[in-house]
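Please look through the structure shown here together with its sequence.

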Amino acid sequence: MADELNRRQMLGASSAAAATGLLLAPSITWPAASADPDDGPAEDAEHEAEELRERTVVVAGVSAVTSLDPALAVDTETERVCRQVFEGLLGIDQETGATRPLLARDWDVDDDGLVYTFQLRQGVVFHDGTALTADSVVANLERWGRLDELYGTGTLRRTATLPFESLFGGYLGDETCVLDSVEAEDESTVVLTLSEPIVFLPQALTLPAFGIASPEVLSDSDPDLVSRSPIGTGAYRVTEAADGDVVMKAFEDYWNGAVTAGAEDDVPAGPAPQRVEVRAVPRSFDRLRDLQRGQVDVYDYITADNLRPLVQSGRMILQRDPFSILYLGFNLEHPIMEDHRMREAAARAVDRSALIDGLFLDGTRPAHQFTPASLGVHSESAERYGRDLEEARALLEAAGYDGEPLRFHYPMNATRSYLPRPEAVYASIARDLTRVGFVVQPHPVPWDSGYLEEVLEDEDRAMHLLGRNGGYRSPHSFFGPLFQRTSREFGYYSEEVRDLLLQARGETDEEDRAELYREVADIVAEDLPAMPLVHPISGLALGRRVSDYPMSPVLFEPFREIRMNHV
């Protein structure tokens, strides 16, 4: 690559701050900033630097990027960056949301739904100049299937389900894994053979976790090399990564056309950025201030309290369709919360409407099930826990609750797609619980200081706030990672739920498949390991230097489709 990353290692985060509320990643290390070895005379370098500044977009993210290994990327900020650097076999059409070719120019599946054949594009190179071949794709797939071996089964089992395990049912060699083989039929043909069909396989392969890395950085003895040397085929390559912030520069040899300074100056919509900085700005007020001062160009995850000043200043505001869930999680291994009556009492106490008013953007809807309405699998027979304060008090009395303090975890200094103002949301829920007789013991933890780790490790935890954003348009994107296997987050496992999810994975009839997911919704609602709260709207605001940003409910938002105002 032209700007070779400095190999000096910096201390990485010890856990991936999963915006999905799920993953704690193995320890990682980071690349550090580096100078361009091709710099010419000082005058030329200064002129080039000024042009680069004019074509730079600064995105204010909400938390530190914690890994540059796409296989471990499940939090929104890490996914945001990995999508620009790494590409998968398949992508998403920005206009229709349909699955489309990416590194695979075409694909087909046999009549049994067991053999997928992918034809790769010709002339694609990684940032290090290595050519994309079927062998490099096979090497990546085999690595994903051995993550438990590379990082240790014990390490991964302490986390939630990684995308490979969620999709294929286990790691390679596991009895539950339905990926039988992956082979390079020739230099540009990859064949995946399954033992059981996965009807949503193409959609799932659009996840950033399935981004292809250069074979030169795939190392059994050093699995963190991918994160230290993030080399993909994407439109942007990483030039700096420090303290969770990332700087990327357009890749000159990108297969779909380089983003070069001046190349698109005649395009009415404006040019794409040549350079992008993604900064971690956890507090919403700070993101607003930096946008108004012109220090950032994109303010993501607007909070309702900042909407008015954005409108008054004439900022362009874009909103994503709702495709996430905020929930109140329960610890079923807690000696008090294991009683279903306690969990139902909490569900009967919370006022979802009060949560939405003033704390979420307009368009946010109360949630009674884990999947958004757009997926069409809501169950009419699932238990709905409407607010009923007298019933909540009666349930507490019937459970024999005697006012024991119940530890309630919630994040601080964080904005997530599903949780824009965590402290305020906690305060509203805690007030409702206290009103019916719960004794709530607040346990705030800064998001970037290991909130997720504390949630999973604290055996005395009674309740917690978390959520997830759907990664692809299938109910499995929500149900699978949360409920397919024993969850340390909830202390919950249902063999019936697991069997239904496995049936749905291979069911080719759309309505029959939807009915299976409705049965899952029924069981989860009855068992109540967590209480769905809201399906939020999320949005961003643009500074004056940016005219458009590619919005997507599943966060497939390529920076090369950002449009800058002419400079």
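Strand 6 and strand 7 form a hairpin with five residues between them, and in the turn Gly-113 has a positive phi of about 70°. Helices (H or I, at least four residues) and strands (E, at least two) are DSSP runs numbered from the N terminus, and two strands count as paired if DSSP finds at least two bridges between them. On that basis strand 6 (residues 104-109) and strand 7 (residues 115-120) pair in the antiparallel sense over five bridges, with Phe-118 of strand 7 as the bridge partner of Trp-107. Strand 7 also pairs with strand 9 (residues 189-194), in the antiparallel sense and over five bridges, and here Thr-117 stands opposite Val-191.

The model is predicted, so local features need pLDDT of at least 70 and side-chain atom pairs count only at pLDDT 80 or more, whereas totals for chains, interfaces and linings use all residues. Residues are numbered from 1 along each chain as its sequence is written, and side-chain values use heavy atoms, with hydrogens and water left out.

## An enclosed helix

Helix 3 (residues 134-144) is largely enclosed by the rest of the structure, because eight of its eleven residues are buried; buried means under 20% relative accessible area, exposed means over 50%, and partly exposed lies in between (1.4 Å probe, protein chains only). Among the buried residues of helix 3 are Val-137, Val-138, Leu-141 and Trp-144, as well as Asn-140 and Arg-143. The buried residues of helix 3 pack against strand 7, strand 8 (179-186) and strand 9, and also against helix 4 (147-151), helix 6 (163-168) and helix 8 (225-228), where contact means heavy atoms within 4.5 Å.

An open sheet of six strands has the order 16-20-15-19-17-18, with mixed pairing. Strand 16 (365-366) and strand 18 (440-446) stand at its edges, each with a single partner strand, so one side of each is left without a neighbour in the sheet. Strand 16 runs antiparallel to strand 20 (residues 530-535), to which two bridges join it, and Arg-365 has His-535 in strand 20 as its bridge partner.

Helix 14 (residues 422-436) lies across strand 15 (324-330), strand 17 (406-412), strand 18, strand 19 (461-469) and strand 20, running at about 160° to strand 17. Axes are lines fitted to C-alpha atoms, for helices over the stretch in contact, and angles run from 0 to 180 degrees between N-to-C directions.

Helix 16 (residues 476-483) and helix 18 (residues 510-527) pack at an angle of about 45°, with their axes 11 Å apart. That makes helix 16 oblique to helix 18, given that angles under 35 degrees count as roughly parallel, over 145 as roughly antiparallel, 65 to 115 as roughly perpendicular and the rest as oblique. Across this packing, His-476, Phe-479 and Phe-483 in helix 16 meet Tyr-517, Val-520, Ala-521 and Val-524 in helix 18.

Ser-494 sits in the loop between helix 16 and helix 17 (495-506), and Ser-494 is buried, with a relative accessible area of 9%. Leaving aside residues up to four places away in sequence, Ser-494 touches Ile-523 and Asp-527.

The structure holds 17 aromatic pairs. Rings of Phe, Tyr and Trp (its six-membered ring) pair if their centres lie within 6.5 Å, and planes under 30 degrees apart count as stacked, over 60 as edge-to-face and the rest as tilted. Tyr-254 and Trp-255 form a tilted pair, 5.4 Å centre to centre with 50° between the planes; Tyr-254 counts as buried at 8% relative accessibility, whereas Trp-255 counts as partly exposed at 22%. Tyr-327, Phe-370, Phe-483, Phe-490 and Tyr-492 form one aromatic cluster.
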